[in-house]
Amino acid sequence: MRTIRVIKPGPLTTVQDLGRWGFQDRGVPVSGAVDQYALRLGNLIVGNREGEAGLEITLGGWEAEFVQEVSFALTGAESAARLNEEEVGFWRRIAASKGDRLFIDHSRTGARIYLALAGGIAVPPVMGSKSTYLRGGFGGYQGRALRKGDSLDCGPAREAGLPEIPLGLRPAYSDHPTLRVVLGPQDEEIADQGLSTFRAAPYVLTPQMDRMGCRLEGPRITHRRGPDIISDGTSFGSIQIPGNGQPIILLADRQTTGGYVKIAAVIAVDWPLIAQALPGRTIRFEAVGLAEAQKSYFQRESALARFLKS
Amino acid sequence: MEYELPKIFPCGDQALSIEFGDSIDPKINRKVLQLFDRLRARPFQGITDLIPSYRALLIQYDPRILSTEDLKTFLRGQWPGLGQAISPQGKIITIPVHYGGSFGPDLVEVAETHGMTPAEVIALHSAVTYRVYMIGFTPGFPFLGGLDPRLHTPRKKSPREKVPAGSVGIADQQTGIYSLDSPGGWQLIGRTPVKLFDLSREEPLLLGAGDRVLFQPITEKEFENY
């Protein structure tokens, strides 16, 4: 049923869930929320399945009217937000009545805000997912970003959800994050000097960032032989080093295969940090072992599971 | 060069890259596709996706469900059987192409580069049954191997901002077909009316790795009436 009507869509708002899986062998990107953990938490607050579709609101600047009453939650980059005249906070369940207006200011803390609605966004799934793939023009809301006047339906609300997500379970975003990475698969193609540079130097996020990836600027990372590899598969957080020696971190709409050397990949538990980084921010890389990376991931997921049980 | 034993590299903490060699070679690609087929056929709890490519298979997995050690142990058990069996043959698809004119704006230049006539380029290009090494770049875009060495042509110096879907191109030793309108740097020699990616079809994606493609020259009129 018609639930929310867009008045100001902001620079880029799309319907996203946790992605389109099972078709990467056919060149279909995963897409989905860039900050998956934030979307999952939003869904849990409003009583949805973790993987239900919500709105990814890039940089804020959002205004919408609730056409029906519904519970909602804001997660991701904390920004000034109001329901009518009243300030509303992030990471908690809020009840909207018919006719209420939600305003989200331009975000200064991070790149992406998630709006989860009880019942999820009702759009037809394409190849098993409600995520929008902009390049291909399919999925989500008519395969495109939201515009003024668009109306979205929600499904039936499932469960009551949670009043809020405690501080300890929220992602530990950082203005100038250090991203933990696992080296490989082609770290051996990087010159020793290049590896030292990568592990020590600060890099700045350039304005050339979108849902496909973000480009960083900083000391040049040199190759042993050259930047080209025989194209192979990519993952979220894969870090490519093209000919100019400037890192590219691949994100949700990345191409499924790539022909540049991949020096390392950001570990899963740090994906929220890169999902929220803003242009101009400084990023550093820290190489960690596979076991340590997975342990951090297990710890986060166990803590979340324990909280949900209690 | 084919590796004696496949190499396993981490790709972050939730994926492994299995490399079978370091060149574009049907024998190497057959092993990639065999492992891909085996993993797909077996319902493996914890594997979230698979990306086969020329010489490697990327396995994405959730380490909470499937530990890295268990996955590696399973994979090592697969090595002895790979490459020996006759791999399942993919389907052969005939792709009608109108070569040249506005559909193939680079055909004349490619011909001149190789000291041939456009007709000779068309004859050589459409004589081969190509192997689909992998699908990538955009949904449904096939990377085809087997291009006659006499047609190997480097990419364009400046990529085009928009290459129409269906365009058939050449880049070095590869030939391929653009599946969506997109920027592109390949030498465009023709266009097919066939949609490689079509959401209105029950099977939206026409080609998969391991399939084979034959190009069939058609006239402009046949293209319009397709």
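This is a predicted model: local features need pLDDT of at least 70, side-chain atom pairs count only at pLDDT 80 or more; totals for chains, interfaces and linings use all residues.
1. The lining of the second largest pocket receives at least two residues each from helix 1, helix 3 (271-276) and helix 4 of chain A, together with strand 4 (56-61) of chain B, where helices (H or I, at least four residues) and strands (E, at least two) are DSSP runs numbered from the N terminus. Helix 1 of chain A gives the most, with three residues.

2. Residues are numbered from 1 along each chain as its sequence is written, chains are lettered from A and ligands numbered from 1 in the order in which they are written, and side-chain values use heavy atoms, leaving out hydrogens and water.

3. For the complex, the predictor gives an ipTM of 0.97 and a pTM of 0.96, while chain B averages a pLDDT of 95, with 98% of the residues scoring at least 70.

4. Helix 1 (residues 36-45) and helix 4 (residues 290-309) of chain A pack at an angle of about 5 degrees, with their axes 13 Å apart; axes are lines fitted to C-alpha atoms, for helices over the stretch in contact, and angles run from 0 to 180 degrees between N-to-C directions. Helix 1 of chain A is therefore roughly parallel to helix 4 of chain A, a description that covers angles under 35 degrees.

5. In this packing, A:Tyr37, A:Arg40, A:Leu41 and A:Leu44 of helix 1 meet A:Arg300, A:Glu301, A:Leu304 and A:Leu308 of helix 4, contact meaning heavy atoms within 4.5 Å.

How values were computed
Angles under 35 degrees count as roughly parallel, over 145 as roughly antiparallel, 65 to 115 as roughly perpendicular and the rest as oblique. pLDDT is the predictor's confidence in each residue, from 0 to 100.
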